[in-house]
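Please keep the viewer open as you read.

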Amino acid sequence: MAKIRGLILGGTTEARALAQALSKKAGFDILLSLAGRTEKPSNQSVPVRIGGFGGADGLASFLRDGGFDLLVDATHPFAARISANADGAARLCGIAALALRRPEWVQQPGDQWIATRNIQQAIGALGPGARRVFLATGRQEAHYAEAAAHHFYLVRSVDPVNPPLNIPNVEYILDRGPFEIDREIGLLASHRIDAVIAKNSGGAATYAKIEAARYLGIEVFMIARAPAPAMRAVETIEEALRAIDHLFPPAMERGV
């Protein structure tokens with residue numbers, strides 16, 4: 001019997017872990033798709049495709065032409081466009097599909113969160129007084145900080161911000177999680193940070209900055225996620241594997 005072909009839309013640690021787990025299961029042929037926004041992606045355990053599809057219609061065509069049986073949206077929680085395209089493509093071609101979405105962070109006692117809808121609102125909410133801001137939202141939207149250039153910004157991203165921000169007081173850090181709380185406390189304290197701008201990405205890899213802000217009593221301007229598509233969703237790798245086993249019973253049960 002032919003193997004089950006699965007396409008995982010990735011770019012997250014969860015996508016990498018799920019791809020690795022499925023690659024070890026009998027009867028699965030997995031392709032991992034990356035958008036290509038990161039210049040030096042991590043090594044993967046399965047074949048990788050890099051680039052876009054041309055919207056929901058293009059993704060649906062790719063799934064049909066490739067004979068795929070399963071689509072998993074394991075993209076970043078803030079990759080709203082590709083998630084919407086994945087949901088649309090799954091409906092167009094009638095493929096089995098699910099989303100792997102890590103749970104959001106939940107405000108804890110001691111957290112000083114200011115809820116915001118997007119990075120523009122977060123930057124505007126910093127106020128007129130000059131502040132020292134840790135901008136931990138990646139490079140894609142860092143340019144919005146130019147609207148409030150009177151603040152100091154510490155910008156952390158995996159790849160360089162290009163072109164550099166037109167801001168007089170800015171410092172860049174190139175780094176990739178997971179991050180440790182002691183290092184994050186040291187980073188915020190040494191730069192005298194008094195405000196953090198972060199996306200509510202969830203997960204453990206970058207949560208240390210939130211813990212560090214709590215420890216130091218620093219305000220966090222937390223950017224909320226957009227409403228997710230209605231695709232069936234799971235929160236963990238284990239749940240995803242169980243859901244996939246339910247959709248495609250193990251090889252022994254299929255008589256392979």
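Two strands pair if DSSP finds at least two bridges between them; helices (H or I, at least four residues) and strands (E, at least two) are DSSP runs, numbered from the N terminus. This is a predicted model, in which local features need pLDDT of at least 70 and side-chain atom pairs count only at pLDDT 80 or more, while totals for chains, interfaces and linings use all residues. Residues are numbered from 1 along each chain as its sequence is written, and side-chain values use heavy atoms, with hydrogens and water left out.

**Strand pairs around β7**
- Strand β10 (residues 195–199) pairs with β7 in the parallel sense over three bridges, and Leu 135 stands opposite Ile 197 in β10.
- β7 (residues 132–135) also runs parallel to strand β8 (residues 152–157), joined by four bridges.
- In that pairing, Phe 134 faces Leu 154 in β8.

**The open sheet**
- Six strands form an open sheet in the order β3-β2-β1-β4-β5-β12, with parallel pairing.
- β3 (48–50) and β12 (233–234) stand at the edges with a single partner strand each, so one side of each has no neighbour in the sheet.
- Three bridges link β3 to strand β2 (residues 28–34) in the parallel sense, and Ser 33 is placed opposite Arg 49 in β3.
- Helix α2 lies across β1 (4–9), β2, β3 and β4 (70–73), running at about 155° to β1.

**Helices α2 and α3**
- α2 (residues 55–65) and α3 (residues 80–93) pack at an angle of about 50°, with their axes 8 Å apart; axes are lines fitted to C-alpha atoms, for helices over the stretch in contact, and angles run from 0 to 180 degrees between N-to-C directions.
- The two helices are therefore oblique to each other (under 35 degrees counts as roughly parallel, over 145 as roughly antiparallel, 65 to 115 as roughly perpendicular and the rest as oblique).
- Residues in the contact (heavy atoms within 4.5 Å) include Leu 59 and Leu 63 of α2 and Ala 89 and Leu 92 of α3.

**Helices α1 and α7**
- The axes of α1 (residues 13–23) and α7 (residues 237–247) come within 10 Å and cross at roughly 45°.
- α1 and α7 are therefore oblique to each other.
- Glu 14, Ala 17, Leu 18, Ala 21 and Leu 22 in α1 meet Ile 237, Ala 240, Leu 241 and Ile 244 in α7.
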